[in-house]
Amino acid sequence: MRDYLLRRFISVVPVLFLVSLMSFAVIWIIPGDPTAAFLGPSSTAEDAQRLREQLGLDQPPLVQMAEWYGRVLTGDLGQSILLRTPVLSAILERLPLTLMLAAMALVVAIGLGVAAGMLAAARRGTWADQTVMTFALLGLSVPDFWFGLLLIVVFSVQLGWLPSGGYVPLFEDPVGWVRSMALPTITLAVVQIGFIARMTRSAMLDVISQDFMRTAESKGLSGLYILMRHGLPNAMMPILTVTGIIAGALLGSAVVVEQVFALPGVGRLIIGGILSRDYPLIQGGLLFLTVIYLLINLVVDLLYAAIDPRVRLE
């Protein structure tokens with residue numbers, strides 16, 4: 001297990017390097033001047049040049065990249081041009097909301113997706129199976145932002161049941177917090193519900209066809225007990241693998257959903273950095289989300305190896 005863990009840690013290093021390299025290259029593709037966005041239209045050329053020198057933007061890209069890597073290795077993601085605060089502090093301040101939103105969406109997606117997939121497998125070929133698969137395909141086909149806007153139109157504009165945006169802290173107003181998080185959570189979860197339902201159905205159909213399932217059925221056990229006691233545990237391996245992928249996808253989707261619902265999370269922070277050409281914020285935000293994504297996948301891989309020892313040998 002220790003060797004497996006070491007191999008997984010080593011494999012993360014080149015991924016982090018490539019992502020950081022791509023995030024650094026992206027900022028040179030984004031059109032616009034960060035100093036102009038920061039100083040405003042009334043600034044002079046001298047002001048812009050002075051700020052450019054202060055931020056080190058007058059240096060060649062390779063020099064800037066080397067300096068950035070040097071700071072990152074010490075845990076310094078730089079200073080936000082727009083916020084005038086350390087990038088790491090700005091990210092950590094908004095990270096709990098993003099993680100909470102992704103975690104809530106993941107719980108909803110797993111709960112509903114697994115239940116729907118098991119129902120479809122148990123009722124294969126029936127109207128229940130067709131209905132679940134139709135909704136799963138529909139959920140997979142709908143973009144997050146489009147579904148979020150649809151929910152706003154229906155539940156906020158037409159019915160007036162839930163707010164269209166904004167965030168209410170949990171400890172200030174629990175009811176308001178639930179209302180503010182409901183639509184973003186559903187928006188994030190709906191695509192993943194379809195993904196998990198299809199994966200669960202496929203895994204359960206493989207398990208149902210096994211001899212031990214027929215043996216359990218011949219003992220007179222109830223269908224629900226057989227599925228929960230014998231079927232689901234044996235179908236968990238692919239579902240667990242998918243969960244790791246989904247957790248990373250939720251972090252990426254949260255960037256868009258937070259913008260749609262005006263939630264002050266890391267995603268909205270990065271979008272604000274892109275719009276204002278805040279290079280340190282963009283680079284630091286992307287790198288930080290990548291680290292979170294890799295850590296989640298690392299945990300999933302360790303769980304995977306703990307459940308199935310053959311993974312460690314491979």
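Predicted model: local features only at pLDDT ≥ 70, side-chain atom pairs only at ≥ 80, totals over all residues.

Visitor: Why is the pair of Phe 17 and Tyr 69 called stacked?

Guide: Their ring centres are 5.8 Å apart, and pairing needs centres within 6.5 Å. The planes sit at 25°, and under 30 degrees counts as stacked, so stacked it is.

Visitor: What makes this pair a tie between parts apart in sequence?

Guide: Phe 17 belongs to helix α1 (residues 2–29) and Tyr 69 to helix α4 (residues 61–73), so the pair ties together parts 52 residues apart in sequence.

Visitor: Why is the pair of Phe 155 and Trp 161 called tilted?

Guide: Here the centres are 6.1 Å apart, with planes at 45°. Stacked needs under 30 degrees and edge-to-face over 60, so this pair is tilted.

Visitor: How do you know whether Trp 161 is buried or exposed?

Guide: Its relative accessible area is 53%, and exposed means over 50%, so Trp 161 counts as exposed. Phe 155 has 26%; buried would need under 20%, so Phe 155 is partly exposed.

Visitor: Which residues touch the most other members of the largest nonpolar core?

Guide: Ile 91, Leu 188 and Leu 250 do, in a core of 60 residues. Leaving aside residues up to four places away in sequence, Leu 188 touches Leu 101, Ala 105, Leu 250, Ser 253, Ala 254 and Val 257. There's also a second, separate core of 6 residues, including Val 132 and Met 133.

Methods
Residues numbered from 1 in each chain as written. Heavy atoms only, no water. Phe/Tyr/Trp six-rings, centres within 6.5 Å; stacked < 30°, edge-to-face > 60°. Helix = DSSP H or I, 4+ residues; strand = E, 2+ residues; numbered from the N terminus. Buried < 20%, exposed > 50% of the residue type's maximum accessible area, 1.4 Å probe, protein only. Core = buried A, V, L, I, M, F, W, Y, C linked by side-chain atoms within 4.5 Å. Contact = heavy atoms within 4.5 Å.
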